[in-house]
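User: I should like to learn how to read a contact between domains, and then a helix. Please begin with the domains.

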Protein chains: 2
Amino acid sequence: MASSDDTQGKRVAVIGGGLVGALNACFLAKRNFQVDVYEAREDIRVAKFTHGRSINLALSYRGRQALKAIGLEDQIVSKGVPMRARMIHSLSGKKSEIPYGNKSQYILSISREKLNKDLLTAVESYPSAKVHFGHKLLKCRPEEGAVTVLGPDKVPRDVTYDLIVGCDGAYSTVRAHLMKKPRFDYSQQYIPHGYMELTIPPKNGEYAMEPNYLHIWPRNAFMMIALPNMDKSFTCTLFMSFEDFEKLPTSDDVLDFFQKNFPDAIPLMGEQALIRNFFLLPAQAMISVKCSPFHLKSHCVLMGDAAHAIVPFFGQGMNAGFEDCLVFDELMDKFNNDLSVCLPEFSRFRIPDDHAISDLSMYNYIEMRAHVNSRWFLFQRLLDKLLHAIMPSTFIPLYTMVAFTRIRYHEAVLRWHWQKKVINKGLFVLGSLTAIGSAYLLLHHLSPRPLGFLRRQAWTGTTGYWNRCTGVFWQVPWSH
Amino acid sequence: MASSDDTQGKRVAVIGGGLVGALNACFLAKRNFQVDVYEAREDIRVAKFTHGRSINLALSYRGRQALKAIGLEDQIVSKGVPMRARMIHSLSGKKSEIPYGNKSQYILSISREKLNKDLLTAVESYPSAKVHFGHKLLKCRPEEGAVTVLGPDKVPRDVTYDLIVGCDGAYSTVRAHLMKKPRFDYSQQYIPHGYMELTIPPKNGEYAMEPNYLHIWPRNAFMMIALPNMDKSFTCTLFMSFEDFEKLPTSDDVLDFFQKNFPDAIPLMGEQALIRNFFLLPAQAMISVKCSPFHLKSHCVLMGDAAHAIVPFFGQGMNAGFEDCLVFDELMDKFNNDLSVCLPEFSRFRIPDDHAISDLSMYNYIEMRAHVNSRWFLFQRLLDKLLHAIMPSTFIPLYTMVAFTRIRYHEAVLRWHWQKKVINKGLFVLGSLTAIGSAYLLLHHLSPRPLGFLRRQAWTGTTGYWNRCTGVFWQVPWSH
């Protein structure tokens, strides 16, 4: 463990007091940095809560490990609702569950608002940390650690720090300044789908559906999900292309649409409430942001959505952001708080992982709304479970690697591809052996000669067609 | 042809007086718009020329067609040096040429500075157009056509236009404002290579190498090219990774490097001049920018590098930008100057093409420095030539489609892929027939039986190995 003497008196500006900013401030204050958090909004613990971002989130292993490192895991977990499986709602109203992992594994439905409040209170428990609410970052010179902030007094103030940590989200101002520096790669991509939040209220003071599930209504081109809240309501999110949202301008259109696609949800939501919530806010856009590097020299680094906003379909946005903080903390240990080593190392080490979870989330955007409904998907999950049971350390389902381990995201992707290949080959060999066995039995039945004859027979033209077919068939798995 | 009455009195701000901005101003002024061009630099026709951007460019068919539409083609072409072929310089000093097209086809080496000056003079020949030099765009509200510009008097001035045309290059300020609007996709990527310009001066008042060629020294990981100038010098550009540039900190390192990799260029450049030019400026970065859409509502549109900065390896950067102007002009004709139709239509129609030439340029980044040297490349060009001669309208080499036609870039890519597939199949069939023919002749020589026997023989195991091999071999082209 590194001595923290060399951080004493060093000053860090954390831009953004959202989930990742607040968590990061805890990590840095714990390491004896003097931390100023600048948050543009008012203190959400006193201000009236306003809609805008999604209301609940799925906390899994990576996020929990980061919370554990600053001693907050138990407190946060106690305020979450465990979800042990997906609950698939078919169009006919039939429900079927697909577990996330083994019996002891679950993800947690957590309120974004409560979590953020708890994290801000945790920041303020460190004497060396201060949160400046209502302070907006006007501009920065990231290579020098200089920021200009505008507080409630409306007088721009210049402050210089040893380190600027940009945790200011998908539309990061810090990142916008890095973008102007030479050789900074960047991409932002909006997906054609938007999202809209709806509610299933408690029914007679109890959950209106099974609580310990992430409910999914997959409908191919669009889908709805529902996560349980502590107050026994569910927050539903409808994901649908903006084009399709525009096809529902009136209350009648919305009701028709729900009747046709989510008939079981209408009585749970209530017709009036559904209509009211549907027209409360327009559908929100979803952006996927990638950049490289995450740092500039030894004075500025990006984490969380500022570094890698991802689409929400793997439930890893917050977890990846929290793991950023944990990985950085681990690097600070390893390299004795030397920022000039830790920052480039953070970019080098973390970018492949954050890009991998970004790609996986985009992949799941299709899987969740379309494949999850198919028998093939169910068969694959069953196979995953079986193979994991037989070879627990060799074969780990993708979802398990992502949600219940800290296997690096990019390694999880590599293992996943490798496992798929092995399964395909395995199934192929199994299929071939079955075919050969059947043929042998068939021939054996017709004339009881030894296998050696079959081989010769196969090569002489009598079963030539089958023989040549096999030669071609062997090629198939390799050309995929 | 649409009447231009409906443009009378309408005002357009063209941001940027570089090549595309100036050309666009001509197109718009010709269409009777009131055009203000804002250019941050001083008038290059009076200011001293400063280094920075590449000195010469390759003008090909698309760019020429755009110049023709505003009556400038002949004037510009007369100031260019035709390049009819690539001249490949091998390490041993051997030179070999690879023509760009047929005998009458060539691209033109053009001075960026002269071309820009001519275009600015052309703009000023329209009474309804004015170029405001030394005017910087501070900010804009693209959805309203409002710009704030800062002139030499240092007083910000707000002006509102019917249309803002962003032609302000790869680091466009107009685009930076569009990026903040909802659902604007964007990516910027720096390639690992940088470029550096060097010079081969005239020798005894004449070109020191064959003038009508684009000279290439392909060296796999890096390369040098040289384009002829009207003053009988050549401008050389060395493309190399920044990592490799950093390995040459001293004059001796540079000379050693040139001795080892470009020995024939040293006497042409002169040792002293080579060293002087090498250390004049650091290597410059190259960025590839993509975005979508190109427009915002009916008040703002991007063209040229502002919309799609591409790497320079297909020589199409300027040509694509010029064709943007021409395509927009054609749409204005088609849709009677209705901006609310033309702007979305420009995005819809043009983005696939500009993205295609961006991808092709990135592809050529490898082809030019690595493949161009191989026998396989030469064989393919020969095959291209042969097939084009036999089927001139069916089979058109990629380079010809890009440089000598106005086939839409994305269609050129589709045709190219199709043609490659057809060639591969053709070669495969040819190869197979040759193999079968050879086998037949061989067998026929050994025992003069008819072909029918061979077929039966092949299926019965005597030539079974060969037979099964063929079965596998057939798969190969499909799995590529």
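Analyst: Domain 1 of chain A and domain 2 of chain A bury about 1500 Å² between them, 63% of it on carbon and sulfur atoms; buried area is the accessible area (1.4 Å probe) that two parts lose on being put together, summed over both. This is a predicted model, in which local features need pLDDT of at least 70, side-chain atom pairs count only at pLDDT 80 or more, and totals for chains, interfaces and linings use all residues. Residues are numbered from 1 along each chain as its sequence is written, chains are lettered from A in the order in which they are written, and side-chain values use heavy atoms, without hydrogens and water.

User: Where do the bounds of the domains of chain A lie?

Analyst: An automatic or database domain assignment supplies such bounds. Here, chain A is divided into domain 1 (5–81 + 109–189 + 287–368), domain 2 (192–285) and domain 3 (374–480). To the contact (heavy atoms within 4.5 Å), domain 1 of chain A gives 18 residues and domain 2 of chain A gives 22 residues.

User: How many salt bridges does the rule find across the interface of domain 1 of chain A and domain 2 of chain A?

Analyst: A salt bridge requires a side-chain nitrogen of Lys or Arg within 4 Å of a carboxyl oxygen of Asp or Glu. Across this interface the rule finds zero.

User: How is the length of helix 11 of chain B to be read?

Analyst: Helices are DSSP runs (H or I, at least four residues), numbered from the N terminus. The expected span is 1.5 Å times one less than the number of residues. For the 18 residues of helix 11 (residues 317–334) of chain B this gives 26 Å, and the end C-alpha atoms are 26 Å apart, which agrees.

User: Is helix 11 of chain B largely enclosed or exposed?

Analyst: Buried means under 20% relative accessible area (1.4 Å probe, protein chains only). Because 14 of its 18 residues are buried, helix 11 of chain B is largely enclosed by the rest of the structure.

How values were computed
Helices (H or I, at least four residues) and strands (E, at least two) are DSSP runs, numbered from the N terminus. Buried means under 20% relative accessible area, exposed over 50%, partly exposed in between (1.4 Å probe, protein chains only).
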